[in-house]
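Student: Can we go through this structure together, with questions as we go? I have the sequence and the model open.

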Amino acid sequence: MPIPCRWPGRTRTTTHQAPATASASPVAAPCSPATGARSVLTTNTTPSAPSTATAQVQRPSSQRLRSLGLTANFATNGDRAALEQQINLGRPVAVGWLHHGSVSAPSGGGHWSVVIGFTEAVAIHNDPNGEADLVAGGYTANTNGAGQHYSWKNWQPRWEADGNGTGWLLTCHP
């Protein structure tokens, strides 16, 4: 089922690729640590692209999720309050965000990390790519992504790129 994505000039498509040792069945959820799935943001370079793009998201397999003993919810309307609520319940949250381009104009190449905590000033991430350069885009030379402190000021515009309440998140609980 298509999920609206109001990122002008971009088509946000989530694809899943299971590791070589996994079966050919659909992957349980985007970027699931248990399955090794990953998501990709593609850029539509057609000059006449509509201002509203469409995301094609493969829905999680309920059978696979049950086999893991988990309930998962993927949403494209995440905001800081929802993220903090899940963290306060003791649940890490997978978040999809734009890691290229400057903070004032984040762009393609979507990326997933896991928020494990927060303070008033930062969201604490486990980022598989290492330390993001939130101001200029891309990544620093630091490849240790465990416990990265990303300021709300510079990370939140990359997560809620279409404005308040447009963040991609995957919540999961027993």
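Student: Which residues does Leu 134 touch, not counting residues up to four places away in sequence?
Tutor: First, this is a predicted model, in which local features need pLDDT of at least 70, side-chain atom pairs count only at pLDDT 80 or more, and totals for chains, interfaces and linings use all residues. Residues are numbered from 1 along each chain as its sequence is written, and side-chain values use heavy atoms, with hydrogens and water left out. Contact means heavy atoms within 4.5 Å. By that rule, Leu 134 touches Trp 97, Val 103, Tyr 150, Ser 151, Asn 154, Trp 155 and Arg 158.

Student: Is Leu 134 buried or exposed?
Tutor: Leu 134 lies in the loop between strand S8 (122–126) and strand S9 (148–151); helices (H or I, at least four residues) and strands (E, at least two) are DSSP runs, numbered from the N terminus. Buried means under 20% relative accessible area, exposed over 50%, and partly exposed in between (1.4 Å probe, protein chains only). Because its relative accessibility is 9%, Leu 134 counts as buried.

Student: What distance separates the C-alpha atoms of Leu 134 and Ser 102?
Tutor: Leu 134 and Ser 102 are 32 residues apart along the chain. The separation of their C-alpha atoms is 7.4 Å.

Student: In what order do the strands of the open sheet come?
Tutor: Two strands pair if DSSP finds at least two bridges between them. The open sheet has 6 strands with antiparallel pairing, and their order is S5-S10-S6-S7-S8-S9.

Student: Which are the edge strands?
Tutor: An edge strand here pairs on one side only.

Student: Which residue in S7 is the bridge partner of Val 95?
Tutor: S6 and S7 run antiparallel and are joined by 5 bridges. The partner of Val 95 in S7 is Ser 113.

Student: Why are the buried residues of H2 on the same side of the helix?
Tutor: In H2, Arg 80, Leu 83, Glu 84, Gln 86 and Ile 87 are buried. They are on the same side of H2 because they cover an arc, taken from the directions from the helix axis to the C-beta atoms, of only 160 degrees. On the other side, the exposed residues are Ala 81 and Asn 88.

Student: What covers the buried residues of H2?
Tutor: Part of the cover comes from a helix and part from strands. The cover includes strand S6 (93–97), strand S7 (111–118), H3 and strand S10 (167–173).

Student: At what angle do H2 and H3 pack?
Tutor: Axes are lines fitted to C-alpha atoms, for helices over the stretch in contact, and angles run from 0 to 180 degrees between N-to-C directions. Helix H2 (residues 80–88) and helix H3 (residues 152–159) have axes 12 Å apart, and their angle is about 105 degrees.

Student: Which residues of H3 do Arg 80, Leu 83 and Glu 84 meet?
Tutor: Arg 80, Leu 83 and Glu 84 are the H2 side of this contact. On the H3 side they meet Trp 152, Trp 155, Gln 156 and Trp 159.
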